[in-house]
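Please keep the sequence and the structure in view while reading.

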Amino acid sequence: MMGRLVKKLSKLLQSAKMLVNKLSLQNKLVGLYILIILIPIMAFTLIYTRQVFDSVLKDIKNKNEYLLEIEKIHIMNNIESMRRTAQMVVADREFIDFVKTRNETNISELIDFKMNEFSDVTKLQVNNPTIEHIPLYTSNPYVTEMWPILFRENRIVNEPWREEAIKRNGMELWWFDQNNDILGRLVSKNSSKISVLRELDYPKDEHLGIIEISMLLNNFFPKMFSSVNDGSSELIVFDPNMNIISSPYNTFLEDEKINLKKLKKQFERNKEQAPFHFLFNNHGTVYMIVSTYLEGLDSYMLNIISLEDVYKETTKTRYIVIAGIVLLVGILSLLTFLLTSILFKKMFKLIDSMKKVEKGDFSVEVDINGHGEIGQLATHYRNMLNKLKGLIADAVNKQAATKEAELKALKTQIDSHFLYNTLENIKMMAEIEGNFSISDAVTSLGEMMRYNLKWKNDIVSCNEEIAHIQNYIEIMNLRLDGLLSLEVDIPPQLLDQEILKMSLQPIVENAVIHGVRPNIPFQPGIILVKAYVEKDTISIQIIDNGIGMSEERLRKLNDYINPEFEVHETIRKAGNGIGLRNVNERIQLRYGKEYGMSITSEETKGTMVTITLPHKNIKGAS
């Protein structure tokens, strides 16, 4: 899977690269300008709008946390009021003594109780208008029921909170009640209440009854049950059993069709961190949930706020900004395109000129001037055209000269056949007369002429060049009475070494004429040709036992044979070392500057010329 993804990405990058390469320089510059401007601005816009959105969310969170805290203060005040009321009822000793009596009460005692103790408890409710009921459910069969305070406990025997209150053994129990009251009257949805319940045991560990202090939820949760709401949020309470307590005045949950089961699950995963907030996604709409823990009730109050308007406003702002940026970049890109068209006008003219030259029209005029880059390019282009015209003219002249040389060579070839036939007749006449030395000399001369005239290739084998040198030595021995000898010390594997034709013979001829002949009266002349290989090169040495030369003359000769040395016309006419220079120049033109010729010599001890060539074998050389 990863390999396929990498291949697809590689193909996309390759396609993008090919597309970019097809674009003109002007389009590339405009595209680069758009990327440089658009990408950072877009990134900045996205980051900035995200920060603004986060800031708005933070403000919403802080505002609603503050509202929850205000509501929590009201709730805690109500809790304290209900606790205090319950404590005052329990602390009223005369009231409790009447409830725990085990005797039948007469009319006067009931009237006295009604006017005093019962009246005091009733006043507690009157003095606390938010308190809805203060009923005491007693198990004492001798107590007469007095509405709305005293009731028999058998009225609540089926209430789910009775057993729980008894189990708490005097500890308070908070209970949300939305059922019918103990008298069987129907409770409206606006009459739901919350109660604090405590068991009365007097004497100790003897169940006397249960006291209930109740308050309507619209008084207990003033903000949650307010009839005024903004329509974009709602306060709810999760009781200890995760039942939802909500206001009948606010239909936000129903209107938004919020999935309460999903909300409960997400809330339960985070409720240990209260107070806290989290985002809740319901059918594509995002809500912020801000929560706080109600300690005394072991319940959680949540504020559910719709962020739909916030998201819409943020998205709208983002789109407006992006549209403005795109429009601005589009206008700037158009201006950039127009400006680059003006700047590249000269370059386009230069390109048109090059296209004409490409088609063979060298008469174009490049009328572009200036000191800028395009102006300099045009100047160099004009110079190049002028040089190109000169080179074309030289090539035409050389081609004409080549044709003329070919005609002359053809004529020479025709004449050479007559010359070969004549030399063959002289050779036969010398053999008939028994003069074999003349016959051998004529044979050597013929082979030399054939070698010189047969110039199909500039490359020959070392063996062919050595044979040519041997013919030259044999002819020279006619003049030197056989005092000249040629020694060859070349390994057989090097006889096929590639070598330039007529590269060794001029060196041998130079050695015979300038080195050996002046020394012949004193000693026979010896020419030694040897070769050896070093790494990838071969060195061929031509060594003579001639008169040698001084250090000064040797230095001048080594400088002179260098192709970079300027040859004066008088030196060229004198012919001193021209053959050696030509050989060295041919070698370097063929193989490179690292190859060539070097000369070492010592007066009266002879001269050694060394040629360095790349080690290459040749087969079938002519």
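Strands β15 and β16 form a hairpin with two residues between them, and Lys535 in the turn has a positive phi of about 55 degrees. Strands, like helices, are DSSP runs numbered from the N terminus: a strand (E) has at least two residues and a helix (H or I) at least four. The model is predicted, so that local features need pLDDT of at least 70 and side-chain atom pairs count only at pLDDT 80 or more, while totals for chains, interfaces and linings use all residues. Residues are numbered from 1 along each chain as its sequence is written, and side-chain values use heavy atoms, with hydrogens and water left out.

Strand β15 covers residues 525-534 and pairs with β16 in the antiparallel sense over eight bridges. Two strands are said to pair if DSSP finds at least two bridges between them. Within this pairing, Ala531 stands opposite Ile540 of β16. Strand β16 also runs antiparallel to strand β18 (residues 606-614), to which eight bridges join it. There, Ile542 has Val609 of β18 as its bridge partner.

How much of β16 is buried? Six of the eight residues of this strand (residues 537-544) are buried, and β16 is thus mostly covered. Buried means under 20% relative accessible area, exposed means over 50%, and partly exposed lies in between (1.4 Å probe, protein chains only).

## Strands β4 and β5

Strand β4 (residues 173-177) is largely enclosed by the rest of the structure, because four of its five residues are buried. Five bridges join β4 to β5, and the two strands run antiparallel. In this pair, Phe176 stands opposite Ile194 of β5. In a regular strand the side chains alternate between the two faces of the sheet.

Strand β5 spans residues 193-201 and contains Ser195. Ser195 counts as buried because its relative accessibility is 3%. The side chain of Ser195 makes a polar contact of 2.7 Å with that of Glu212. A polar contact is a pair of N or O atoms within 3.5 Å; within protein, one must be able to donate a hydrogen and the other to accept it, and residues adjacent in sequence count only if both atoms are side-chain atoms.

Helix α14 (residues 462-479) has 18 residues and reaches 27 Å from its first C-alpha to its last, close to the 26 Å expected at 1.5 Å a residue. The expected span is 1.5 Å times one less than the number of residues in the helix. Among the buried residues of α14 are Cys462, Glu465, Ile469, Tyr472 and Met476. Just after this helix, Asp481 takes a positive phi of about 55 degrees.

Helix α10 (residues 308-343) holds Leu335, which counts as partly exposed because its relative accessibility is 45%. Leu335 belongs to a nonpolar patch on the surface together with Leu327, Ile331, Leu334, Phe337 and Leu338, with about 570 Å² of accessible area together. Patches are made of residues with over 30% relative accessible area and no salt bridge; like charges are joined within 9 Å, and nonpolar side chains (Val, Leu, Ile, Met, Phe, Trp, Tyr) within 5 Å. Accessible areas come from the Shrake-Rupley method with a 1.4 Å probe, and for residues only the protein chains shown count as cover.

## Salt bridges

The structure holds 14 salt bridges. A salt bridge is a side-chain nitrogen of Lys or Arg within 4 Å of a carboxyl oxygen of Asp or Glu. Three of them are given here.

| Salt bridge | N to O distance |
|---|---|
| Glu552 and Arg555 | 2.6 Å |
| Arg555 and Asp559 | 3.5 Å |
| Lys605 and Glu602 | 3.5 Å |

Salt bridges that share partners join Glu552, Arg555, Lys556 and Asp559 into one network. Glu552 and Arg555 both lie in helix α16 (residues 551-560), three residues apart, about one turn of the helix. Arg555 and Asp559, also in α16, are four residues apart, again about one turn. An α-helix has 3.6 residues a turn, so residues three or four places apart point the same way. Glu552 is partly exposed at 40% relative accessibility, as is Arg555 at 43%. Lys605 is exposed, with a relative accessible area of 59%, whereas Glu602 is partly exposed, with 45%.
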